[in-house]
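Biologist: Please walk me through the fold, and then take a close look at one part of it. I would like to know what each piece packs against and which residues do the packing.

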Amino acid sequence: MQLTLQQAMELFELSVFRASFYICKNRQDAEDICQETFLEYHSTRKSFEDEEHLKAWLLRVSINKSLNLSRSFWHKNRETLEDFEEALEQAPPEDSGLLTAVLELPKKCRVIIHLFYYEDYSVKEISQLLRVSENTVKSQLHRGRMLLKEKLKEGWSDDE
Amino acid sequence: MTNKERYKKAAEIIVPSGSNDFLQNVEGRTMKMRSKKIIKTVAAAFAAVILIAATGTGVYAADIGGIQKSVGIWLHGDVADVTIKEVGDGQFEVTYPDGSVRGCGGMEEDGHGGMRGVSMESMIAQLRTSVECEQDEDGRIWIYIRDHKIDVTDQIDEKGYAQEKVKDGFLADYITVIWREDGSCAISTSHSGFDSPEKLMQNTR
């Protein structure tokens with residue numbers, strides 16, 4: 001399976017950007033990492049079995065890059081949602097409330113929550129993508145759900 | 001509404017800034033990287049001729065930026081000593097004898113169905129066995145494989161396809177190339193025969 005850079009970006013740009021944004025909490029950083037990720041796709045000679053395989057690879061690359069960036073001293077002093085506040089204000093309260101609550105979760109927890117609830121990955125798939133045990137994924141998911149329930153009350157149901 | 005439906009609806013707020021044309025930016029950067037790489041490696045090859053006799057291989061050294069190692073690789077058909085430094089998970093910086101620095105890295109299978117950042121050993125092996133195809137400043141297109149330098153400019157047909165037999169025996173005996181007008185290329189190597197353009201495009205990029 002081989003996609004051109006344009007095809008890959010059309011299909012996965014938003015997924016890669018959003019995964020990165022949930023870690024960096026900064027639009028400019030997420031955009032930079034998104035570009036870096038697709039540059040890496042452009043330069044890799046790796047072949048991909050199908051679109052899902054490619055998507056998982058792109059997400060993994062962008063998550064790694066985002067985690068590396070977010071660990072840097074420079075970034076720790078930079079995390080800001082200022083450039084996003086207008087969008088949050090214009091969004092329905094239930095959406096902005098949920099988004100804000102997720103972004104307040106611990107970093108590793110919100111990555112897993114995002115992959116599970118947005119990308120529809122299973123616990124097993126997330127463990128493979130992030131190279132952590134399934135038990136770690138389960139416990140972070142549980143923790144994230146508890147924290148979201150605590151913050152959002154009726155805005156977050158008990159379904160999984 | 002389920003939690004997943006709620007979550008996906010809320011996530012729609014998160015979009016890149018409208019002013020950012022990702023595709024245009026990325027394509028622009030790939031072009032810059034390509035021209036920069038050619039210029040840098042040409043300069044590095046020139047410096048390597050002077051430094052081959054004076055340098056050794058395999059020296060580990062740790063500094064505040066991470067582990068780095070000095071290794072010998074093939075560069076434009078000659079041996080060159082470069083320093084490879086780990087700068088992140090699966091990310092490395094290679095410093096060439098002329099002082100130019102090139103980033104490289106990637107992912108590899110972890111043996112358990114997942115992926116991980118490529119290790120330094122794998123990266124060194126890749127550097128030592130990579131087959132490069134580059135266009136020089138005179139417009140000639142060259143294949144570099146270990147100590148072989150092959151000008152394939154005249155073998156490339158109107159579709160960019162070229163075949164070249166090489167007496168290497170170690171890495172490959174047959175090299176198939178597709179050279180694209182944008183300066184990128186696809187290469188396959190084999191001991192048994194040439195690849196068709198279709199197979200080459202399927203297996204490489």
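This is a predicted model: local features need pLDDT of at least 70, side-chain atom pairs count only at pLDDT 80 or more; totals for chains, interfaces and linings use all residues.

Modeller: In chain B, 36% of the contacts with a separation of 6 or more join residues 24 or more positions apart. Chain B has 205 residues, of which 23% are buried. Its secondary structure consists of four helices and 13 strands.

Strands of a sheet pair through backbone hydrogen bonds, in either a parallel or an antiparallel sense. For β11(B) the partner is β12(B), residues 174-179, and the antiparallel pairing of the two runs over five bridges.

Now to the part for a close look: helix α1 of chain A and its surroundings. This helix spans residues 5-24 and packs against α7(A), residues 107-117, at an angle of about 155° with the axes 9 Å apart. An angle over 145 degrees counts as roughly antiparallel, and α1(A) and α7(A) are therefore described that way. Their crossing is right-handed. On the α1(A) side the contact is made by A19(A), Y22(A) and I23(A), and on the α7(A) side by K107(A), R110(A), V111(A) and H114(A). By class, these are four nonpolar residues, one polar and two charged.

Helix α1(A) also packs against α2(A), with the axes coming within 8 Å and crossing at roughly 140°. That angle does not exceed the limit of 145 degrees for roughly antiparallel, and α1(A) and α2(A) are therefore classed as oblique to each other. This crossing, too, is right-handed. The residues of α1(A) that take part are L5(A), A8(A), M9(A), E13(A), V16(A), F17(A), S20(A), F21(A) and C24(A). From α2(A) they meet R27(A), D29(A), A30(A), E31(A), I33(A), C34(A), T37(A), F38(A), Y41(A) and H42(A). Twelve of the residues in this contact are nonpolar, three are polar and four are charged.

Both α1(A) and α2(A) also belong to the side of chain A that touches chain B. Across this interface, 38 residues of chain A are in contact with 36 residues of chain B. The elements of chain A that give two or more residues to it are α1, α2 (27-43), α3 (51-71), α5 (85-90), α6 and α8. The largest share, eight residues, comes from α2(A). In composition, this side of chain A has 18 nonpolar, ten polar and ten charged residues.

Leaving aside residues up to four places away in sequence, L99(A) touches L88(A), A10(B) and I13(B). L88(A) is eleven residues away along the chain, and the two C-alpha atoms are separated by 8.4 Å.

Two backbone details remain in chain A, at either end of α9(A). R131(A) has a positive phi of about 60° although it is not a glycine. It sits in the loop between α8 (123-130) and α9 (134-152) of chain A. With 15 C-beta neighbours inside 10 Å, R131(A) counts as partly exposed. K153(A), also not a glycine, has a positive phi of about 50°. Its place is the segment after α9 of chain A. K153(A) has 8 other C-beta atoms within 10 Å and is therefore exposed.

How values were computed
Residues are numbered from 1 along each chain as its sequence is written. Chains are lettered from A and ligands numbered from 1 in the order in which they are written. Two strands pair if DSSP finds at least two bridges between them. A residue is buried if 20 or more other C-beta atoms lie within 10 Å of its own, exposed if 12 or fewer, and partly exposed in between; C-beta atoms are placed from the backbone. Axes are lines fitted to C-alpha atoms, for helices over the stretch in contact, and angles run from 0 to 180 degrees between N-to-C directions. Angles under 35 degrees count as roughly parallel, over 145 as roughly antiparallel, 65 to 115 as roughly perpendicular and the rest as oblique. A crossing is left-handed if the near helix is turned anticlockwise from the far one by less than a right angle, and right-handed if clockwise. Two residues are in contact if their C-beta atoms, placed from the backbone, lie within 7 Å. Ala, Val, Leu, Ile, Met, Phe, Trp, Tyr, Cys and Pro count as nonpolar, Asp, Glu, Lys and Arg as charged, and the others, Gly among them, as polar.
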